[in-house]
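Keep the structure open beside you and try each task before reading its solution.

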Amino acid sequence: MNGENFWEQDNSLENSNYTDPVVSGNAVAAYFSKVYGWMAFALLLSGLAAWLTGHNVAIQQALFTGYTPMVLFGIELALVFGISAAINNLSASVCTLLFVLYSVVNGLTLGVIFLVYTETSIMSTFLVTAITFGVMSIYGYTTKSDLTGWGKILMFALIGLVVATLVNFFMKSSMMSLIISGIGVLVFVGLTAYDTQKLKDLAYTATDEESMTKLAVYGALDLYLDFVNLFLYLLRFLGNRRD
């Protein structure tokens with residue numbers, strides 16, 4: 001439900017029809033201000049939805065019983081794949097609406113963390129995540145090194161991470177869970193830098209304000225997924241469980 005996401009490796013935009021660049025110089029910074037702005041807004045919505053779920057028994061009973069969790073997971077998958085695969089054919093307003101909807105749905109499912117961990121540890125882990133994410137995103141934005149080579153490595157690591165998680169779902173090994181969490185942190189730390197640089201290059205392919213907005217939403221979704229997954233893996237290390 002948190003989207004352990006090899007979805008973000010979708011190449012639909014990189015092979016899109018945006019061929020007449022209008023973005024240059026300081027406009028890239030303006031593009032990233034939109035990306036981070038939408039990402040922050042989505043995190044705020046997710047946080048509010050998660051907090052509400054974690055403090056409302058009626059919502060918990062509605063969301064975490066029967067087939068509802070599977071339905072929510074399916075909705076999340078559909079929204080992420082839909083935004084990534086069809087973004088060239090959707091209007092900017094529809095892309096934005098779908099992104100906002102996804103952040104709310106994901107927030108509702110994340111509400112379970114308030115049932116498992118103390119609120120103090122959740123907040124402190126969120127702060128650690130924000131600092132780590134910020135450092136790596138700045139690195140990805142400012143580095144002169146080409147991080148393209150990281151893509152395939154991180155992709156294979158991410159697939160391995162998903163497979164290992166599924167295997168451990170049946171094995172229920174605490175040691176393996178710890179190892180998976182450590183690898184997960186490293187993978188999403190790397191993806192934060194890689195995706196930031198990828199989005200910086202992608203910004204130059206905007207043709208007009210409409211495509212710029214869609215690219216900003218796509219970028220916000222990419223980094224949102226990195227942030228949320230990094231947070232969840234760190235929470236397994238830093239979170240204090242409720243008695």
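**Exercise 1. Determine the handedness of the crossing of α1 and α9, and say how the two helices are oriented.**

Solution. In this predicted model, the crossing of α1 and α9 is right-handed. Next, take the geometry: the two axes come within 8 Å and cross at roughly 50 degrees.

From α1 come Tyr-31, Lys-34, Val-35, Tyr-36, Trp-38, Met-39, Ala-42, Leu-43 and Ser-46. Their partners in α9 include Glu-209, Met-212, Gly-219, Tyr-224 and Phe-227. Sorting the residues of this contact by class gives 15 nonpolar, two polar and two charged.

**Exercise 2. Work out whether α8 and α9 are roughly parallel or antiparallel.**

Solution. Start with the numbers: the axes of helix α8 (residues 174-203) and α9 come within 8 Å, and they cross at roughly 160 degrees. Angles over 145 degrees count as roughly antiparallel, and α8 and α9 are therefore roughly antiparallel to each other. As for handedness, α8 passes α9 in a left-handed crossing. Finally, the classes: the contact of α8 with α9 has 16 nonpolar, seven polar and five charged residues.

**Exercise 3. Describe how α3 packs on α4, then list residues that make the contact.**

Solution. Helix α3 covers residues 68-86 and helix α4 covers residues 92-110. Their axes lie 10 Å apart, and the packing angle is about 150 degrees. That makes α3 roughly antiparallel to α4. The crossing in which α3 passes α4 is left-handed.

On the α3 side, the contact is made by Leu-72, Ile-75, Glu-76, Leu-79, Val-80 and Ile-83. On the α4 side, the residues include Cys-95, Phe-99, Tyr-102, Asn-106 and Thr-109. By class, this contact of α3 with α4 has eleven nonpolar, two polar and one charged residues.

**Exercise 4. Find Thr-213 and identify what it touches beyond its sequence neighbours.**

Solution. First place the residue: Thr-213 is found in helix α9. Leaving out residues up to four places away in sequence, Thr-213 touches Ala-92 and Thr-96. Then check the separation for one of these pairs. Thr-213 and Thr-96 are 117 residues apart in sequence, yet their C-alpha atoms are 8.5 Å apart in space.

**Exercise 5. Say which helices line the second largest pocket, and which one gives the most.**

Solution. Begin with the space itself: the second largest pocket holds about 330 Å³. It is lined by 16 residues, and Leu-43, Gly-47, Ile-122, Phe-126 and Phe-231 lie nearest its centre.

Then assign the lining to helices. At least two residues each come from α1 (26-54), α5 (113-116), α6 (119-142) and α9 (209-238). The helix that gives the most is α1, with five residues.

To finish, sort the lining by class: 13 nonpolar, two polar and one charged residues. Look back at Leu-43 to link two exercises: this residue is among those of α1 that meet α9, and Leu-43 is also one of the residues nearest the centre of the second largest pocket.

Note on methods:
Residues are numbered from 1 along each chain as its sequence is written. This is a predicted model: local features need pLDDT of at least 70, side-chain atom pairs count only at pLDDT 80 or more; totals for chains, interfaces and linings use all residues. Side-chain values use heavy atoms; hydrogens and water are left out. Axes are lines fitted to C-alpha atoms, for helices over the stretch in contact, and angles run from 0 to 180 degrees between N-to-C directions. Helices (H or I, at least four residues) and strands (E, at least two) are DSSP runs, numbered from the N terminus. Angles under 35 degrees count as roughly parallel, over 145 as roughly antiparallel, 65 to 115 as roughly perpendicular and the rest as oblique. A crossing is left-handed if the near helix is turned anticlockwise from the far one by less than a right angle, and right-handed if clockwise. Contact means heavy atoms within 4.5 Å. Ala, Val, Leu, Ile, Met, Phe, Trp, Tyr, Cys and Pro count as nonpolar, Asp, Glu, Lys and Arg as charged, and the others, Gly among them, as polar. On a 1 Å grid over the protein atoms alone, a cavity is a set of points where a 1.4 Å probe fits but cannot get out, and a pocket is an open set with protein on both sides within 12 Å along at least five of seven lines; lining residues have an atom within 4 Å of a point. Grid points are joined across faces, edges and corners, and a volume is the space filled by probe spheres set on the points.
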